[in-house]
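I opened this entry to keep track of what I looked up in the structure. The notes follow the order in which I went through it.

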Amino acid sequence: MKPAPFTWHGPRTVDEAVAVLAEVGHEGKVLAGGQSLIPVLAMRLAEPAHLVDINAVAGLDRIVVDATGVTIGALVRHASLERDDAAAAAQPLLRQALRLVAHPTIRNRGTTVGSLAHADPSGEMTSVLTLLGGTITARSARGERTIPATEFFVGPLESALAADELAVSAHFPAASAGTGSAFVEVARRHGDYALCGVGAVATVDPAGAVTGLRCGYLSVSETPLTVDLTDAWNSGDDAAAATAAAARAAVDPLPDIHATAEYRRQLAGVLTVRAAEQAVAQAVQRVGTMGRDNESGHNEEDRSA
Amino acid sequence: MSEQVRSTSRNGAEVATGTVPAGARSTVAVTVNGTHRSAEVESRRTLSDYLRHDLGLTGTHVGCEHGVCGACTVLLDGTPVRSCLVFAVTAAGHQVTTAEGLGQLDESGDPNSLSPVQRAFRDCHALQCGFCTPGFMTTITAGIAENPDPTRDEAVEMIAGNLCRCTGYQNIVDAVLRAAELAKDPAAPLTDRFTEHSDAAHSADQDADGAGA
């Protein structure tokens, strides 16, 4: 339960960090919050020869909120982002999902960009970045590039980052007008890995009709999965059942000791409807706050009953 | 906008930078419970092992060593973190508070005094074997600083990341509420609501004794 020896590098700047990464290549791992990496090292599931500890790198701890959305540096801890009111106002899904990331003590140390780079398909924020169509910016000695979420997550625990690249920031687009969001999950114990989780983003028009419904999933696919469920949601009398069925058809869960594939699939259907109802209700509320009209005909409470 | 002040907290020259080869040791200096401490350690030394083995501060307990149990929780710059999931070298130049330092957090500053959280654990019988207790106390110390008036549900949420195999948690939840009360008023009387679990168990024992006599 002790990590194997490694050469420790403590760069002060991003340039120093990427210079080390260029030198050590595949022998190196980046250490940010360490809440996923250090357990892996302790259990000797990985024994990197070099660890590039970026915790003393200046300038990576900023949260920038502007009209385009929320951009966070590689050292922004989950807890800092969760507590940031400006970020929550610009993109409510961030706080909705972050409160489900492990336990508060882990969130105090773990970084959101680190979670993304870890590319765990059971991670909440990988799912959120994909659902929102966000991006990751990576720096190397060769230069900088911005990678869309859809291209970033290559496989379980595998990202598009090259061995010499450092993920320096992530960008989550702002919630546009008339949208609402929600994030729900089921875990065996509070704070555990979710058996299934669903994030939903709904768009309604000024009359309150749902014009868009997209859901993102975790723990039911090899890479973060996003599904457009607008048609199912608007499919008539039993739209909830149709939406759940569409979700069940879209996911591809694997069985493990915690749950069978069938159970995860069932959860995906149930949680999709739950998340969608909450997201639509929030969207209607936001449209209502702007225009103060058309709340009739949308009885969210009835629908969930 | 956010208020990220991490960079200003590391203005000391002791923040470790540079390179430490595998197997080599470097001097890691940390302020522990207000005292400047240092030791020569390998980079792979976790903060929990550094505190226990190198500094002899065995009040921090190590349970699972991979971040699940919460027994090793310490305050790093005032924030609860798993000390088994932080390398000592990363914590260099920072402030660490362990269970040994909690007594210094009350108004008197007397290291032999008990903090509100420690008093609450005594008042509510919130420990049995005591292995998990240091992690709970550091977590709750920070928790009631952030939320001075938690509801019972919030108290449960506050300690959800810490495992206890003895108590069944009810007395620990009581201790969170009692600690919040003591933090506001050190002379607050101990009311029934913090003792009802143990009283109920006690009277049940008495009944059993009576029946057996």
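I began with a strand pair: strand 11 of chain A and strand 12 (residues 194–204) of chain A run antiparallel and are joined by nine bridges. For the terms, I used DSSP runs numbered from the N terminus, with helices as H or I of at least four residues and strands as E of at least two; two strands pair if DSSP finds at least two bridges between them. The model is predicted, local features need pLDDT of at least 70, side-chain atom pairs count only at pLDDT 80 or more, and totals for chains, interfaces and linings use all residues. Residues are numbered from 1 along each chain as its sequence is written, while chains are lettered from A and ligands numbered from 1 in the order in which they are written.

Within this pair, I found Val184(A) opposite Val198(A) of strand 12. The two strands form a hairpin with six residues between them, and Gly191(A) in the turn has a positive phi of about 90°. I then checked burial (buried: 20 or more other C-beta atoms within 10 Å of the residue's own, with C-beta atoms placed from the backbone). Strand 11, residues 179–187 of chain A, has seven of its nine residues buried.

Next I turned to helix 1 of chain A, residues 14–24, where Ala17(A), Val18(A), Val20(A) and Leu21(A) are buried. Seen down the helix axis, the buried residues fall within an arc of 155°, so they line one face of the helix; the arc is taken from the directions from the axis to the C-beta atoms. I noted that these buried residues pack against strands of chain A, including strand 3 (50–53) and strand 10 (166–173). Gly25(A) follows the helix and has a positive phi, near 55°.

I then looked at where the chains meet. In contact (C-beta atoms, placed from the backbone, within 7 Å) are 34 residues of chain B and 37 residues of chain A. On the side of chain B that touches chain A, strand 5 of chain B gives the most, with four residues. That side divides into 12 nonpolar, 16 polar and six charged residues. Strand 1 (residues 7–10) of chain A pairs with strand 1 of chain B in the antiparallel sense over three bridges, and His9(A) stands opposite Thr19(B).

Last, I checked pLDDT, the predictor's confidence in each residue from 0 to 100. Chain A averages 93, and 94% of the residues score at least 70. Over residues 292–305 of chain A the pLDDT is below 50. Where pLDDT is low, the predicted coordinates should not be read in detail.

Terms used: Contact = placed C-beta atoms within 7 Å. Nonpolar A, V, L, I, M, F, W, Y, C, P; charged D, E, K, R; others polar. Buried ≥ 20, exposed ≤ 12 C-beta atoms within 10 Å, placed from the backbone.
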